[in-house]
Amino acid sequence: MAESWTFSPSGAVEGAIHDIRLRYPASYPAGLERVRHALKKIGDPHLKLPFTFHAAGTNGKGSTLAFAQAILEASGKTVHKYTSPHLVRFEERIVLNGRDIAPDNLLELIRECDAAGMEISFFEFFTVLSLLAFAREDADALLLETGLGGLFDATNVIEGKDIVAILTRISFDHTHVLGDTLTEIAKNKAGIIKSSIPVVAAAQASAEVTRVFEETAGAAMAQLYSCGREWNVREKEGGFLYQSAGCIFDLPAPALAGAHQLHNAGTAIAAIEHSPFAPALKRETLARAVQNVHWKGRLQRLMGGAVSKLLPGGWELWLDGAHNDSGAEAGQQQ
């Protein structure tokens, strides 16, 4: 065990990741050519992935993919997942068949990708590494979260028709990179829309964001399924109702706290509805999934630990990883 660590309690992994951080410095997304060049050096693993749910947005990506994972796994499917950043351990970012990547496996992949001589950033390095890990181990589906934006994000190298694009709620974040207006930010996020694939969009606070999604999907001949039009979610006593042209589900309240999580759950259901896994959408399966979903650090009540013991009687301790205004507002409304 490392005495002091930022990435992993495994001393070998901690040292390796620090070394990569020094030699592959962080940079803002500027294009995908260098990522594609790096992937080519290791056999183009991005062309050998399972069916992929690709999520971009400002808020709700992680929770939406957590719901999608819970639903797919409750129906007996195996799932890979890539998210960032990690909450405690770097291994959380790369999930292989429902389990965080093993430190020994991660270390081997770091060494292999480093030896390939890639000229990319820190985030791009680990995205390439993750795609290699996903291509080598069989799974039914891959849940892939963008890091920053969408159009030039390293995850946007994926190709083909076996993709559903998921666009979660758009608000202001990373404006120095993505733009100062919601229109500019939405255009960047909508960059994950590809020709002729289904696109599922969560409820948006601004009509201008919806217009961007409609225009981008139309130009790509991609079918857009928007909350409030093709599908909807309505809160009800003890749970929520999901409704689309194809199905209606009366479901219990999710394990993740907050009214906004009903919409994240609905977005996940809509995405699966427009995938080959649609037959998995049964009321019993969905009820079990939403009640058992886990996503740490999202409006999570901490029931034990040293800090909890310091609280006065009757107080509660909650942890929320909101990283922008709209995320914090969603938590405060609960």
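Modeller: Contact means heavy atoms within 4.5 Å. Helices (H or I, at least four residues) and strands (E, at least two) are DSSP runs, numbered from the N terminus. This is a predicted model, where local features need pLDDT of at least 70, side-chain atom pairs count only at pLDDT 80 or more, and totals for chains, interfaces and linings use all residues. Residues are numbered from 1 along each chain as its sequence is written, and side-chain values use heavy atoms, with hydrogens and water left out. By those rules the protein chain has twelve helices and 13 strands.

Biologist: Which residues of α1 meet α4?

Modeller: Ala12, Val13, Ala16, Ile17, Ile20 and Arg23 in α1 meet Pro103, Leu106, Leu107, Ile110 and Asp114 in α4. These divide into nine nonpolar, no polar and two charged; Ala, Val, Leu, Ile, Met, Phe, Trp, Tyr, Cys and Pro count as nonpolar, Asp, Glu, Lys and Arg as charged, and the others, Gly among them, as polar.

Biologist: What makes α1 roughly parallel to α4?

Modeller: Helix α1 (residues 11-23) and helix α4 (residues 103-115) pack at about 30°, with axes 10 Å apart. Angles under 35 degrees count as roughly parallel, over 145 as roughly antiparallel, 65 to 115 as roughly perpendicular and the rest as oblique, so α1 is roughly parallel to α4. The axes are lines fitted to C-alpha atoms, for helices over the stretch in contact, and angles run from 0 to 180 degrees between N-to-C directions.

Biologist: Why is α1 called oblique to α5?

Modeller: The axes of α1 and helix α5 (residues 122-136) come within 8 Å and cross at roughly 130°. That angle falls in the remaining class, so α1 is oblique to α5. Here Ile17, Ile20 and Arg21 in α1 meet Phe122, Phe125 and Phe126 in α5, a set of five nonpolar, no polar and one charged.

Biologist: How do you know whether histidine 174 is buried, partly exposed or exposed?

Modeller: Buried means under 20% relative accessible area, exposed over 50%, partly exposed in between (1.4 Å probe, protein chains only). Histidine 174 has a relative accessible area of 32%, so it is partly exposed. Histidine 174 is found in the loop between β6 (163-167) and α6 (175-178). Leaving aside neighbours within four places in sequence, histidine 174 is in contact with Leu148 and Gly179.

Biologist: And which residues of helix α10 are buried?

Modeller: In α10 (residues 283-292), Thr285, Leu286, Ala287, Ala289 and Val290 are buried. They pack against α3 (61-74), β10 (239-244), β11 (248-252) and α9 (260-273).
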